[in-house]
Structure formats: C-alpha cells, structure tokens
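I opened my notebook to look into charged pairs and a few other spots. Here is what I looked up, entry by entry.

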Amino acid sequence: MNNKEFSKLKTSIAVKTVIKIIVYSIIAILISGLLIDGIYNDTLASNLSGFSKEIYYWCVLNKGILMGIIYSIIFTIISFIVIRTSGNNIIEVILAIDKILKNPEKAINLPNDLLILENRLNNIRIDLITSRNKAQEESQKKKDLIMYMAHDLKTPLTSVIGYLTLLTQEKEISKSIQDKYIKIALEKSIRLEELTNQFFEITKYDVKNMLITKNKIDLSILLDQLIDEFYPMLQEKNLKYIVNKPEHIYILGDGDKLARAFGNLIKNAINYSYENTDIDINMTKEGERINIVFKNKADKIPDYKLDKMFEKFYRIDEARSTTTGGTGIGLAITKEIIKLHQGNIYVKNDSEFIEFYIELKSID
C-alpha cells in the first residue's frame with residue numbers, strides 16, 4: 001500500500017467517523033428534545049416544581065443553557081462511543097495481523113470501513129503463503145541435492161581406493177595395466193574434486209548477502225581471460241569458440257562477480273553443447289547499453305523447464321546426471337550478479353540453439 005492509498009484510507013475513516021458522530025448526535029438530540037418538550041415536559045415540570053421552586057424557575061429562565069449542556073453531554077457520549085468503535089477497528093487489524101502470522105491459510109475479514117485494508121492484508125497473507133511454500137520447496141531441494149551429492153561422492157572415492165589398492169597389493173602388474181589404473185584413478189580423483197567443490201558451493205550459497213565492489217572493468221579483456229581458462233574443457237568435447245566483440249568495452253562493476261557469472265554461462269554451454277560444435281559469444285554496444293549473447297547448439301529445452309532455469313537448485317537434467325549435472329545454483333547466482341549490476345538476463349531456445357542474453361550499462 002503506497003502513501004496515496006494510506007492517505008485515502010485515513011481520510012475515509014476520518015470522514016466516516018465525523019459523519020457518524022454528527023448523524024448520531026442529531027438523532028439523539030431530536031429524540032431527547034422530543035421526549036423532554038413534547039411528551040414528558042409537563043410531568044418533568046410538575047415534579048421539578050414540587051421538588052424545588054428555585055430550581056424550577058432557574059431551569060425555566062436558563063432553558064437554553066440547560067439544553068446546551070444536555071446536548072453537549074449527548075454529543076460527548078456519542079463521540080466517545082464512535083471513537084471507541086474506531087479503536088475496536090484498530091484492535092481488529094492487530095488481531096488480523098496476528099492471525100496472518102499464526103494461520104495464514106484463513107482469510108481476513110474486517111469491518112466495511114476497512115475494506116481497503118482488508119484487501120491489502122489478504123494480499124500480504126497470500127504472499128506469505130507463497131513465500132513459505134517456496135522456502136520449504138527450496139529447502140527440500142537443497143536437502144535432496146546434498147543427499148544425492150553425498151551419495152555421488154562415494155562412487156569416485158570407492159573407485160580411487162579400489163584401483164590404488166590393486167596397484168599396492170598386486171606386485172606383478174604390467175606397465176600398461178599400471179598406466180591404465182593410474183589414469184582411471186586420476187579421472188575419478190578429478191571428478192571427486194568437482195563434486196566436493198559443488199558440495200561446498202551448495203552449503204555456503206546465500207545470494208541475499210552477496211556484496212559487490214565496483215571498479216572500472218574492460219569486459220573484452222575479462223572475456224578473453226575466461227576463454228583461456230576454459231580451453232581444456234573445450235578440447236575434451238572438441239568445441240570451438242567464435243567470439244565477436246569490440247576491442248574495449250568498459251563497465252562499472254565487480255570483476256570477480258562478473259567473471260563468475262560469465263563463467264557459469266560458459267560452463268553451462270560446454271556441458272550441454274553437442275560435440276564438434278561452436279559456442280558463439282557476441283558482445284555489442286548500443287549507446288550506453290551492452291548486449292552480450294552466449295549461444296550454443298544443444299537439445300531443445302521444454303518451455304516449462306526454460307521458465308525455471310534461473311531458480312535456485314533447479315537442474316535441467318531430471319535424471320541427475322553425474323557427468324554434466326551441476327548443483328542447480330549456477331544460473332541463479334548468475335542472475336543475481338547481473339541484477340546487482342542493474343542489468344537483465346533472459347534465455348531463448350529454438351529447436352537447435354540455446355541463447356542467454358545479458359544487458360548491462362556501459363561507461364565511457
């Protein structure tokens with residue numbers, strides 16, 4: 001609810017309160033006047049005269065003052081009742097908030113005077129339910145993923161121990177067999193290191209506390225450095241880079257965080273690209289806007305999965321591949337880093353290519 005809505009609500013409550021006080025007071029005064037002057041006048045006068053002539057004559061002479069006092073008392077009583085009712089509305093709101101916190105599944109009902117506030121509280125209630133469900137879902141995904149990865153850690157570790165045990169116990173193993181066992185043990189050790197790194201990445205993941213330190217960065221140089229780092233991974237799948245970019249493009253940002261974001265996209269492209277294909281990286285500048293596109297040839301991704309790609313702990317491969325499957329947080333981290341740089345990221349996918357689009361703001 002914005003300031004304008006709050007102001008409208010306060011004005012509405014104040015106007016309705018004043019109208020109630022005036023209307024109720026007029027009705028009460030008319031009724032009391034009718035009773036005193038029209039029905040009980042003679043009876044009251046006779047009783048008062050019999051009780052005290054002085055008081056009777058004083059009341060007759062000061063009838064206007066007396067009626068003013070009576071009307072003021074009536075007005076005060078009516079005002080107290082109406083304002084007290086408004087106070088009850090505040091209590092209703094407090095109880096409604098308490099109800100939202102304890103049992104958000106139940107709808108909130110407030111008096112008609114507070115209809116705007118009722119709608120707002122019900123929206124908050126729905127948002128709270130959605131947030132709780134999402135948090136529970138993410139927590140369960142994280143627990144499941146940690147459990148899966150803990151299981152996956154045992155597989156390469158068992159292989160490493162097994163082959164090293166064979167090399168230690170078997171005294172008469174040929175050189176070719178030794179080399180084979182050593183190579184397998186090395187491959188499994190590398191995979192074990194990858195899984196361990198992913199495991200730690202999950203346990204320490206918290207984008208809410210991610211901080212950035214901005215400096216002037218040349219994105220062209222940053223991309224060149226990343227490409228060199230991923231060259232061995234490209235060679236394994238016989239992939240090639242095709243990079244189109246200006247010689248220099250500058251941005252005010254955090255170099256380490258942007259390198260992590262771009263690195264996640266490059267790693268994703270390598271993991272899911274067909275072998276013997278190209279990974280295209282195009283970076284252009286249009287005025288103050290920088291457009292970066294990461295494009296690779298891969299299997300078609302269903303639309304329902306495409307919409308979830310930037311969700312935390314979501315993995316495209318439902319079969320939980322231990323070869324290419326990541327932790328499911330790389331793209332979520334990438335999106336958060338781009339947002340921290342006041343940028344935008346989205347994904348497109350046709351029958352052959354998947355493309356990640358990034359928009360950032362440049363500096364001259």
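Predicted model: local features only at pLDDT ≥ 70, side-chain atom pairs only at ≥ 80, totals over all residues.

**Entry 1: a pair in helix H4**

I started with lysine 102 and aspartate 98, which sit four residues apart in helix H4 (residues 63–102), so about one helical turn separates them.

Next I looked up how open the two are. Lysine 102 has a relative accessible area of 67%, and the cut-off for exposed is over 50%, so lysine 102 counts as exposed. Aspartate 98, at 33%, is partly exposed.

**Entry 2: a pair from separate parts**

Then I checked aspartate 224 and lysine 245, whose side chains also meet in a salt bridge (3.3 Å, N to O). Where do the two residues lie? Aspartate 224 is in helix H7 (residues 219–229), while lysine 245 is in the loop between strand S2 (240–244) and strand S3 (250–253), so the pair ties together parts that are 21 residues apart in sequence. I noted aspartate 224 as partly exposed at 34% relative accessibility. Lysine 245 is partly exposed too, at 26%.

**Entry 3: one more bridge, and the count**

I also found glutamate 286 in a salt bridge with arginine 289, with their closest N and O atoms 3.2 Å apart. Glutamate 286 is partly exposed at 47% relative accessibility, and arginine 289 is partly exposed at 38%. How many salt bridges are there by this rule? The count comes to seven.

**Entry 4: threonine 277**

I moved on to threonine 277, in the loop between helix H9 (255–272) and strand S4 (278–286). Is threonine 277 buried or exposed? Its relative accessible area is 13%; buried means under 20%, so threonine 277 is buried. I looked up what threonine 277 touches, leaving aside neighbours within four places in sequence: Asn238, Leu239, Lys240 and Lys297.

**Entry 5: helix H11**

Last, I turned to helix H11 (residues 330–340) and listed its buried residues: Leu331, Ala332, Ile333, Thr334, Glu336, Ile337 and Ile338. I noticed that a glutamate is on that list, Glu336. Just after H11, glutamine 342 takes a positive phi of about 55°.

How values were computed. Residues numbered from 1 in each chain as written. Heavy atoms only, no water. Salt bridge = Lys/Arg side-chain N within 4 Å of Asp/Glu carboxyl O. Buried < 20%, exposed > 50% of the residue type's maximum accessible area, 1.4 Å probe, protein only. Contact = heavy atoms within 4.5 Å.
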